[in-house]
Structures are given as C-alpha cells and as structure tokens.
Amino acid sequence: MWPGPCYSRRTVRQVEIRLLEGPNVYRLEPVVKVEVAIGRRRTWYGQRAPGRHALVHLGVDVPRRDWPAQIDAVVDWIRRLRVDHDEGRAGVVVHRSSDPGHWIVTFPWVGAERAHTIAEAALALAERDVSAARRAHLTGAQERLLQRWTERIDASRTTPPAWVRDGDRRLPAVSITGTNGKSTVTRLVTHIFVKAGRRVGTTTSDGILVNERMVDPGDWTGPGGAWQILARSDLDVAVLETARGGLVLRGMGYESNDVGVVTNVSSDHLDLQGIHTLPELAEVKSTVVRVTKPDGWAVLNADDPLVAAMARRVRCRVALFTLGDGDVAEVRRVVGERPGRGGGRAGGDGRRRDEANGRGYAVRDGWLVELEGGEAHPIVELGLVPIAIGGLARHNVANALAASAAARGLGATIDEVREGLIDFRPDSERSPGRLNLYRLGARIVIVDFAHNEAGVAAVLDVAEGIAGGAAGRAAPITAIVGTAGDRPDDTLRGVARIAAERAQRVAIKETQKYLRGRSRQSVVGELLAGVQAAGVSTTDVPIYESETAALRAELADATGKPRVIVLLCHEERDEVFALLKSLGAKPIDVATELTSLIPRLQERPRRG
C-alpha cells in the first residue's frame, strides 16, 4: 500500500515545469520554473491597471513565512536533490502569481534534462509525503520511490543552457520590445546602420534579415533568432526584436545587450501564461533593459508611466524619449537640463552630477532633438521623416525618437541617424504591414498590422488626418477590423469599439488561421459587442471570411467615391498586396506625395 499523500491532486496541481534558457522576469539567468496551483480551480479577475494594494510583483522573492504550507515540501526536495546531483546549492526561490492559488518555484539549472527530472521528482516525492530531511525515517515504499527517482536523475543527460554568454558574444546588440512599435523601431535602427555602411543582422516577427534582405522567413523574435544572428561572424551589429512570447516561454537567448529599448506597454496578449495586468506585462518586458550592460543604454518611453518607471531598475545609462519638448521632470533629471528649457548643467539645484549622465529625445519647434548635458542637438526636421507623415503618425514620431536613441546608443552619429530617418519609407518592402499607403482613384487604402486598442487608435489618427483633406475635401473612413482569437474579450471589444467610434463605417474580417482556441462565432460576437458598445447598430456591419474578401468588397462598394479604407491585416498580407496591385492601386511615396495626400501640409518644407 502506498502511504497517504500529504495533499491530493485536487488540492495541489502541477501546472507546468518550464526551462527558461536565459534572462527572464524571475532571474537574469537560466532557471527552471515550477508552477503549482493550490486549492480549488479559480479564474483570475480584477483590473488591468490595479491599484497598489492589488499589484503582484512577479519577480519578487516571497519569504518562507508567506508561502502556503503545501509549498514547503516541494522547495525542500528541490534543494536536497540539487545538492545531491550537482545542480547547485542555492537559489531556490518562491514567487507569487496573479492567478488565484498559483505559486511559482524557480531555481538555476546547469543540465536541462537533469534539472527537469529534479523538478518532477520533487513534486512526486512531496505528493507522497516523503520527508526531505536526511535523517527522517522513511517507510519501505517511500525509500523505493526515492531510489527510483534518484536513478532517473542520475541517468538524465545534462545539456547546458544555450544562451550566449557575454564572453562569447562578439556583436554589439540592441534588443527592442514593447506592445506597439517594436517592429518599426527594429526596421528603423537596422536601416540607419545599413545606410551608414554597417553589416546588420536583424530578427523580426517577419523573419531573419541580413542587411535588410530576408534570409529566413517566420517569427524569429524569440531566443532562436537571436542565436542565429549572434553566431554569425560576418556582421557588425545585431538588432533583435524581442517579443513577450519568447520572454515568458523561453527567456532571452543571451546574457546581456548594449542597448535595450521599451517602446510602450498597453493591453495585448493578456490572460496568457499567467500575465493578466499591465504592470505584470511591463515587468516581463523590463527584462530587456534589466540585462543591459552598465556602460550601455536603456531607451525608455517617458510618456508611458509603466515604461518610464523601469529607469529605477536598470544598471545602465538611461535615454528617455517623449513626444513633448522634453521639459518634464523625468527627462530633465536624466539629461541635466533645468526647468524652462533654459539650458545649463545640472548640479546647481542640488542634484548629483552623476544623476544627469543620460539623454533625452524630444520634439522642439518641429525638429527631433537630442538632449544631453543641458544642451539640445537637432537631429532632423520632422517634416523630412517619411514615416511620421507630416506629424500625423504620432506613434511613428515616437518610433523615430526611440530608433534615434537606440542607434546613438550603439555609436551612430547624429548625421547617420538623420540620413537613415530621411531615407526610410513606410512601404511594403522595408516595413511590410506597417502603415502601408495605397491610392486607387479617389480612395486611399491603409494596410496596417494594428492588433490591439493602442494600435487601432494610432492608425485611425492617421486615417482621420488623411480623410480631412483627401483629394482636397473630407472623405469618410471605413475600418475593417479583426484580430487573433487569443486576445481577451475586453481587447476584442475595445478594438471594435474604437473603430466604431471613429470611423463612418465598420466591417469585420475573420482571422481564421489565428483563432487559437476560440470559435469563429465567439471572435465575431465579441467584435460586434464592441461595435454596440460604441452606440452603433450592427445591422449594417458586414462580416467577411478573409482579409482579401473584405478589402475587395469594400473597394467595390466605394468605387469612384473619396474614401479612406483602413485594413487591419494579419494573415493575408502578401495576398492583400497582390490584390491591390491587380486592381491598379499605386503605393504612395509619402516622401514625395505628402502635400497631395494631405493638402493642408503644403507649406511644410520638403528636402531639396
């Protein structure tokens, strides 16, 4: 007879054992993550932006007195087995999760298979009420169980972590993360360095690029893509888009970077892998700047409080970017400029001089500027930056500032940054699916990857600016919306609500390749609920089975009429571009056609 367990499977359940192969939200090193759930099954509930009393800090160590008693045996066995099998002596830590009843145990690992088996053994031995004390009296059955697990651990392989250690990394690297804008910033930084004559390896959600040429299509924003680029000997710079999924599922693939960038934190990918709130999402993304070398740069969005707060957790210099003029306390403190844009060095107002060793990037009098040491250095006139679309695309103004800061942090000159920003076009070749503009008669089509509320609001800002002066007169906006099924209900509804509030017509396109566990009816239903929440009737909202079907139908309906059509494009990008070409639509070169696209900007200076 087996002895009675110290807890039943219904009381304590194994959620997962996961090996993180590099820096992560819990540690800046490879760790094993053991997640268990205690008590009855419950679902997370709460606010996406909780008050201080409800915040859960994922990476904080929980003292033993605050653990549930059921965790003790698991921790004790992990500690004992690690010592017995050369996996280390210290570093077993318990963390909270915002999932009700869930707890996380982490510990560093040396050999992948052996560490995973140790975690399995600890859970099995704790479940059978086997004491981890070395002098404890065990029953015969308990001794045999321990012996079986000991043999399994001894027989396990010991594959080491695949992360790239600093001693092995030759390339200077910039890591770029954020809810919105990370792909655009990645492409911009890449272009700045390619234009300056450097050999650049890039990872993106579209694939791996070398000198802006695709060499391996696919989503390579996790550690696998980083390993491929950092292993090459024919490059000068690594520009690494770093997505949330890779951070929570595998960790970063390398020990540190020279520049870390966080563009923003907004609602997206919530309710996945135990991340439910915006502060938790910010904590995950902060990994990218927490690993930045002390002599490197953390590039942070001063206009996003969750991102700006990361400056307190980094060990490197800080560069803040803002859509304002930089005359705010956070930026002044970093760059050493006194209030009122009066210039002068820091120190006279009581601050230490070593607090003011950072940089700021802002917009002043129509120019992107770099702020450092109390001085403002002009980078480029905003009207000359194509992706900014004359300032209409405020999100791309922010992206240009972030890219400027990142490139400068890796050693680019201001002249090199200027030339790269002026030369970069938001077209389907250099920035596919990111604010690509087409003209078809009197109709303007905007193809964009926006897939959350912040992204939809940003692209509609541009659409409204164009619609206000398209063909010299106002034009209505059609928004074709839809996104992946793994977004929570509030995100699906929010995307459609924003579209219905701001566009004159809304259409829904299904994204059937990315249902991710939902039914088609569920996704469409939540989108329609968002339209209703905006006070708009759903009677006249068409539902299309694909992105190409939606765009073809809406273009046919608007034949000969001025209209701006926004398509949120996620799964048929190449097919959408082919459709537009077959219909005779022409890509709009913003750098040369800006005043015809938006007549009210005709007084803006152009580059001679």
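**Exercise 1. Which residue is the bridge partner of T203 in β7?**

Solution. The model is predicted: local features need pLDDT of at least 70, side-chain atom pairs count only at pLDDT 80 or more, and totals for chains, interfaces and linings use all residues. Residues are numbered from 1 along each chain as its sequence is written, and side-chain values use heavy atoms, with hydrogens and water left out.

Step 1. Locate the strands. Strands (E, at least two residues) and helices (H or I, at least four) are DSSP runs numbered from the N terminus. Strand β6 covers residues 200-203 and strand β7 residues 207-210.

Step 2. β6 and β7 are joined by three bridges in the antiparallel sense.

Step 3. Read off the partner: T203 is bridged to I208 in β7. The two strands make a hairpin, with three residues between them.

**Exercise 2. Describe how β7 is connected to β8.**

Solution. Step 1. Four bridges link β7 and β8, again in an antiparallel arrangement.

Step 1. Examine the turn. A hairpin is formed with two residues between β7 and β8, and N211 in this turn has a positive phi of about 55°.

**Exercise 3. Is T221 buried or exposed, and what does T221 touch?**

Solution. Step 1. T221 belongs to the loop between β8 (213-217) and α5 (223-230).

Step 1. Buried means under 20% relative accessible area, exposed over 50%, and partly exposed in between (1.4 Å probe, protein chains only). With a value of 7%, T221 is buried.

Step 2. Contact means heavy atoms within 4.5 Å. Leaving aside residues up to four places away in sequence, T221 touches T204, S205, E241, T242 and A243.

**Exercise 4. Characterise the aromatic pair of the structure.**

Solution. Step 1. Rings of Phe, Tyr and Trp (its six-membered ring) pair if their centres lie within 6.5 Å; planes under 30 degrees apart count as stacked, over 60 as edge-to-face and the rest as tilted. The structure holds one such pair.

Step 1. Y438 lies in strand β16 (residues 436-440) and F577 in helix α17 (residues 573-582), so the pair ties together parts 139 residues apart in sequence.

Step 2. Both members are buried: Y438 has a relative accessible area of 6%, and F577 has 13%.

Notes: Two strands pair if DSSP finds at least two bridges between them.
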